[in-house]
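Colleague: I'd like to learn how to read a model like this one. Can we go through a few features together?

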Amino acid sequence: MDLSLKNYQDYLEVYKFSVEQPEEFWSDIAYTFSWKQPWEKVLNWDFKEANIEWFKGAKLNLSYNCLDRHLAESGNKTAFIFEPNDTNAETRKISYYELHEMVCRFANVLKANGVKKGDRICIYLPMIPEAIVAMLACARVGAVHSVVFAGFSAQSISDRVNDSDCSLIITSDGAVRGDKKIELKKIVDEALVSCPSIKKCIVFNSKNWEVNMIAGRDVWWHSEIKKVDSHNEPEWMDAEDPLFILYTSGSTGKPKGVLHTCGGYMVMVGYSFKTVFNYQPHQIFWCTADIGWVTGHSYIAFGPTLNGATSVLYEGVPAWPDAGRYWNIIDKHQVNIFYTSPTVIRSLMAFGDTFLEGKNLSSLEVLGTVGEPINEEAWFWYHDRIGKEHCPIVDTWWQTETGATMMTPIAGLGVAKPGYAMYPMPGIQLMLVNEKGDEIFGNGVEGNLCVKFPWPSMARTVYGDHKRFQQTYFSTYKNLYFTGDGCKRDEEGFYRITGRVDDVINVSGHRIGTGEVEDAINDHECIIESAVVGFPHDIKGQALYAFVICDKKVDDLEKFKIEVGKIVSERIGPFARPDKIQIVRALPKTRSGKIMRRILRKIAEGEISNLGDVTTLIDPTVVEEIKKEAL
Ligand code: WT7
């Protein structure tokens, strides 16, 4: 069957085929990639035990598919256009030939430093080409990378390194984002004090800063690559061999190491990049995500390179040196497809349209958003001012766990509504359920969003804790993958994500578990208990509101709040700092001791007139007190 999508009717037909014959559909897609050996079976699955296998028996190498495959025909094509933070620094263009050579050399460096197939490697790097090289080189040698966002604290690095027993870490002297300098190597040094599994640390000299190198452990990237040649035979991986781990927050406990495998991830990430954005070979693509999040994995490092595309890689931040920087970059590099987050759109919109003046955005053909629901005002600004009313907006809904886009209005098919992720990608079978897990049929309905059939890029486990994987995603509703999101299906049958229905909060598109923030806050010497909830924020979408109980008197409230913020910064990262902190006498608890977050959420949202039933609380007067002192 012809799987190309030229209009919405094509989509409906392909979708129907993909649901009726999922294995045929996905194997047709899989044949467009290079395999060393074909699969024996397309799919084995059991949602009850959470065991999923795609393309079992096949052998492949992801970096081979991202690089080697393109060399004969388009080796000279630019893979990455690197735009440094510093506006005076020169843009660096890296062709597929060059990227291939860099990756092969670095793959040899990894081997020379003792890395073997299956080893876990932590990558703590800023947005520089070497970050992509490191990821692709890990994939090449069969090592499992765990990228830790370079905004995370030392504590977060060591937690993640220890959870997956990484043997090697790759970092740089430091990063400059806007006018902010971050001494990455120093942070890594601090983390490694409590990481016994790390044997080697490879340091890329990015800024020429002085760093402390520990003999026997720390080696320089630039001297290591001189010791090896540029020939590297990729490690042929089983389709179900692990590819990477990426930590993400859930409603309870420590972050989960979501594990993705080689074959299925490649197939769906490559397919979705091409399909969602309607990518054409001459186009320049720019995804503004950081490689520390899944968007940077799927739509910077892997999706574009799997398609031999040219991508912009930008080192800096959106509003530096001024709020026109992104528009400058689009103009300068004639970007055709631009993919960013609602938070970025809202923050740049807030600076006003003067920063758009003199910027030629006429190269733009497709716009995208990801990470959080987009409000209508931001959608229209993006559509009218950036896309000049002629670019489709792909509002892509997906998750770290789904690996690739699951729902979106596909570019070029002409069917879209502001704020709607619209319809599932071919091959994705969605279901809305009520609290009991019964399917909600018909249109004009709302429920919890589940997926009822496996898709190739779905996570396979939580590293080292398969039980947690099974319980988190497959035990709430029988035989369904539960996303944690609420979702509406409108009268026409189109989907709109309404937000998380668990205790996960999406701050600026970064997923934060309230439990983690509470654990950090509770380490403050005056605090004995806390409850963190989300509240709507004009720019960030949502922000954190912490209700805290102190057992000591707090004399200087401002100082106290700064201290609490500092603890969260140190334990997790600056982005997880609560915007509001309210000291309370007690928290609203039920007789069984459960905090009634619903009430705190309403108070945080400023909706105090209708708090619903409070009769099950041990002490309903607490609610009145909290309301009175709400910030
Ligand atoms: C959660 C996943 C997808 C990569 C970046 C975030 C929310 C994601 C959308 C969207 C509304 C969205 C959901 C989801 N989300 N995309 N287009 N519209 N909400 O990945 O950190 O794993 O977070 O982000 O709540 O569950 P993540």
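Colleague: How much area is buried between domain 1 and domain 2?

Modeller: Buried area is the accessible area (1.4 Å probe) that two parts lose on being put together, summed over both. Here it is about 470 Å², with carbon and sulfur atoms giving 53% of that. Phe152, Ser153 and Gln155 supply 54% of what domain 1 buries against domain 2, more than any other three residues. This is a predicted model, in which local features need pLDDT of at least 70 and side-chain atom pairs count only at pLDDT 80 or more, while totals for chains, interfaces and linings use all residues. Residues are numbered from 1 along each chain as its sequence is written, and side-chain values use heavy atoms, with hydrogens and water left out.

Colleague: Where do the two domains lie?

Modeller: The bounds come from an automatic or database domain assignment, which gives 96-235 for domain 1 and 504-629 for domain 2. Taken over C-alpha atoms, their centres are 37 Å apart. Contact means heavy atoms within 4.5 Å, and 6 residues from domain 1 and 7 residues from domain 2 take part.

Colleague: Now a helix. Which residues of helix 7 are buried, and which are exposed?

Modeller: Helices (H or I, at least four residues) and strands (E, at least two) are DSSP runs, numbered from the N terminus. Buried means under 20% relative accessible area, exposed over 50%, partly exposed in between (1.4 Å probe, protein chains only). In helix 7, residues 184-192, the buried ones are Leu184, Lys185, Val188, Asp189, Ala191 and Leu192. They sit on the same side of the helix because they cover an arc of only 165° around the axis, judged by the directions from the helix axis to the C-beta atoms. Lys186 and Glu190, on the other side, are exposed.

Colleague: And the sheet: in what order do the strands run?

Modeller: Two strands pair if DSSP finds at least two bridges between them. This open sheet has 4 strands in the order 21-22-24-25, with antiparallel pairing. Strand 21 (430-433) and strand 25 (495-500) are the edges, each pairing on one side only. Strand 24 (residues 481-489) is joined to strand 25 by 5 bridges, and glycine 486 stands opposite glycine 499.

Colleague: What is arginine 500 in contact with, apart from its neighbours within four places in sequence?

Modeller: Gln399, Thr483, Gly484, Asp485 and Arg511. Arginine 500 belongs to strand 25 and is partly exposed, at 23% relative accessible area.
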